[in-house]
Amino acid sequence: MNKTLCTCSVMLVMSLALISMPGCSKKSVQSGGDSQPAQGMAKGGSSDSSKSGVGSFPDTGVQSGGGELRGLDKNPSEERVGNGTMLAKVDPSSSAGRQMAEIRAEQAASAAAGFRDVLFGYDSWTISEDGRQALNNDAEWMKSNPSALVKVEGHCDERGTAAYNLVLGEKRAKAARNYLVELGVGANRLSVVSYGKERPACIEHAESCYQQNRRGHLVVKTGK
Amino acid sequence: MTQVKLISAWFGGVLLLAGVVGTLESGAADVFLEATRPDFQKISLGVAGIQNAGGPDWLGGRIEEVLKKDVKRSLVFDLVDLSSLGIQTPDIGNGMGAGSKVVFKQAAEKGVSVLVWGKAGLKVGNKDADVNMEGFVYDSGSDELVGGKRYAGSPSVVRLMAHRFADELVFRYTGEPGIARTKIAYVAEQGTARELFVMDYDGYDARQLTADGFLNLMPQWSPDRRFLIFTAYRNRNTQDIDMIELATGKRWTVISLGGLNITPALSPDGNFLAFASSHEGNSELYRLDTRTKAIQRLTVNPSGDLSPSWSPNGRELVFVSDRGGGPQLFLMGSEGSNVRRLTFEGDYNAAPVWSPRGNWIAYVCRTHKEYKLCVISPDGQKRMQLTTGPGVDDSPSWSPDGRHLVFSSTADGKSHIYMIDADGKDIERLTFVGTHNSAPSWSPAS
């Protein structure tokens with residue numbers, strides 16, 4: 001009981017912080033993928049390695065010494081217990097709001113395009129006859145809108161592990177992308193991304209819902 | 001959620017019992033993982049109260065409650081109920097008085113090896129209120145007042161005082177640092193986004209670390225506990241591997257090769273980062289030398305390879321590959337040599353994590369269409385299913401003492417985080433709020 005109340009209040013405080021602080025000017029957490037190494041870190045490698053997509057890396061090995069345990073003592077001296085805080089405070093950046101707006105714009109553009117999801121079988125990334133019909137429809141739109149760029153998202157149902165579902169989702173997205181290319185859509189207009197089981201369309205634990213989640217979902221890219 | 005105590009299957013032998021899990025629930029009751037550690041004998045410990053010494057009514061009781069739970073979870077001690085043994089526990093003070101001698105004698109007679117008590121008070125100074133706690137320990141084996149601890153801190157740290165005292169007890173009797181001060185990193189849903197959080201090992205004091213409004217997935221700790229490394233989506237389109245420094249909140253990208261970059265795992269010495277990336281086509285395993293930044297490809301085949309986990313000595317990796325059809329566990333040397341398949345039972349085995357003691361690998365196994373926790377010995381000789389029943393269990397992670405696992409499960413409907421003993425006993429739910437909590441990762445001990 002105590003525990004529930006306590007955790008509730010923590011979560012409540014955090015949600016309040018989320019709601020009330022988007023305009024906060026001081027950012028202590030870089031959100032949205034800014035590439036910024038922590039201070040005091042070795043400058044990362046040669047120019048070759050920075051081109052290859054590898055950022056700077058701190059020394060993360062266990063430092064010797066450390067630890068707060070000093071043993072029991074017949075005549076213990078007072079130890080100060082700190083406020084646990086290895087954890088910085090999060091100030092939500094404008095990233096959350098921006099992402100939300102971009103997602104809404106993408107959804108609106110995709111709905112206007114009349115895209116249909118490609119649905120997949122359990123554990124499968126094979127495109128079915130129904131799936132081909134959906135993609136035929138989607139390819140027509142892409143051909144009549146030749147400047148549009150489209151992202152193919154691969155999704156999975158909640159069964160299976162988060163990690164393997166990311167790989168499975170990528171296989172589904174690539175299968176759909178490859179079929180669109182076969183239909184004559186330029187490969188350079190198509191990108192793929194896997195969301196695994198992390199962005200379900202439906203959250204019931206039922207096969208009808210699982211089927212909706214095993215999908216290739218096309219999204220018109222509206223931003224950069 | 002029910003638990004299965006033990007199912008062993010000796011490959012190459014005649015017994016392949018995993019297919020009949022349900023029938024074995026009540027069998028093999030006396031064979032636990034502890035059987036592999038013959039030195040494992042719990043020490044009986046009684047808590048004779050944490051008295052209030054000036055302060056709010058709840059103070060002593062709160063510390064006592066946290067301490068008792070820590071002692072129980074340590075699995076080093078057998079927490080005994082003193083009153084049910086007929087042992088009266090008046091205020092023993094500093095343990096020097098005549099009354100204390102009576103209690104000590106009773107405890108020794110009833111087989112209680114360790115007696116713990118203490119007091120706590122709130123002192124209001126000129127600036128801030130300060131909680132003071134004293135803990136004392138008597139050892140009946142040596143008939144010795146072992147000593148104790150004195151802590152001071154703000155009222156917000158009373159739980160941490162109890163945790164630290166519990167870890168001192170574990171340290172005293174095992175030489176290990178204990179797990180009561182460890183943390184669990186995890187992913188929690190915030191609207192449609194998934195953000196990183198860190199909470200205490202017992203589920204309290206959850207704190208948010210990211211707020212991007214999109215997906216941050218599968219955090220892992222650095223060996224020194226200063227950083228988390230995880231998969232993040234740069235503007236929703238590509239998966240990169242990012243790091244965040246806990247003390248400062250500084251965050252940056254370490255791997256952005258294009259394609260899927262997932263399941264990062266730092267070697268125990270921090271010198272290598274193993275991860276999966278699809279930037280050369282399909283998902284393959286790579287190893288980054290964190291000092292030279294050189295990247296070495298470890299796997300070469302047209303199937304998906306992912307989820308590397310290091311052996312405690314850093315010489316081997318266990319990982320998932322679907323090169324045989326469905327996902328299975330494989331082992332290889334940490335530079336990619338000597339690949340061999342580890343799991344042969346069932347058509348779906350994934351999310352492996354090597355125990356810090358090295359003797360088990362925990363993973364998600366699919367049996368009867370359910371995704372449950374299993375453990376297997378690295379030589380493939382012993383296998384055990386830890387959980388049964390409905391719901392998807394995922395993302396097991398070992399406690400640094402190797403005695404527990406934390407994992408996510410949808411057994412109660414929504415995905416929440418649970419702790420389970422490494423032998424499959426005593427499941428404890430750790431999260432109670434929110435729409436989705438997943439991908440727990442247990443910190444190293446400090």
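This is a predicted model: local features need pLDDT of at least 70, side-chain atom pairs count only at pLDDT 80 or more; totals for chains, interfaces and linings use all residues.
Biologist: At what angle do the axes of H1 and H3 of chain B cross?

Modeller: Roughly 40°, with the axes of H1 (residues 58-74) and H3 (residues 158-174) of chain B coming within 9 Å (axes are fitted to C-alpha atoms over the stretch in contact, and angles run from 0 to 180 degrees between N-to-C directions). That makes H1(B) oblique to H3(B) (under 35 degrees is roughly parallel, over 145 roughly antiparallel, 65 to 115 roughly perpendicular, the rest oblique).

Biologist: And which residues in H1(B) and H3(B) meet?

Modeller: Among them are Leu59(B), Ile63(B) and Val66(B) in H1(B), and Met161(B), Phe165(B) and Leu169(B) in H3(B) (contact means C-beta atoms, placed from the backbone, within 7 Å). By class, this contact of H1(B) with H3(B) has 12 nonpolar, 2 polar and 3 charged residues (Ala, Val, Leu, Ile, Met, Phe, Trp, Tyr, Cys and Pro are nonpolar; Asp, Glu, Lys and Arg charged; the others, Gly among them, polar).

Biologist: Over to chain A: how far apart are the axes of H4 and H5?

Modeller: The axes of H4 (residues 129-144) and H5 (residues 162-182) of chain A are 10 Å apart, at an angle of about 55°. That makes H4(A) oblique to H5(A). Arg132(A), Leu135(A), Asp138(A) and Ala139(A) of H4(A) make the contact with Ala176(A), Tyr179(A) and Leu180(A) of H5(A). Those residues divide into 5 nonpolar, no polar and 2 charged.

Biologist: How many residues of chain B are in contact with chain A?

Modeller: There are 98 residues of chain B in contact with 80 of chain A. Strand S5 (residues 144-153) gives the most to that side of chain B, with 8 residues (helices, H or I of at least four residues, and strands, E of at least two, are DSSP runs numbered from the N terminus). The chain B side divides into 44 nonpolar, 33 polar and 21 charged residues.

Biologist: How many helices and strands are in chain B?

Modeller: Chain B has 3 helices and 29 strands.

Notes: Residues are numbered from 1 along each chain as its sequence is written. Chains are lettered from A and ligands numbered from 1 in the order in which they are written. Two residues are in contact if their C-beta atoms, placed from the backbone, lie within 7 Å.
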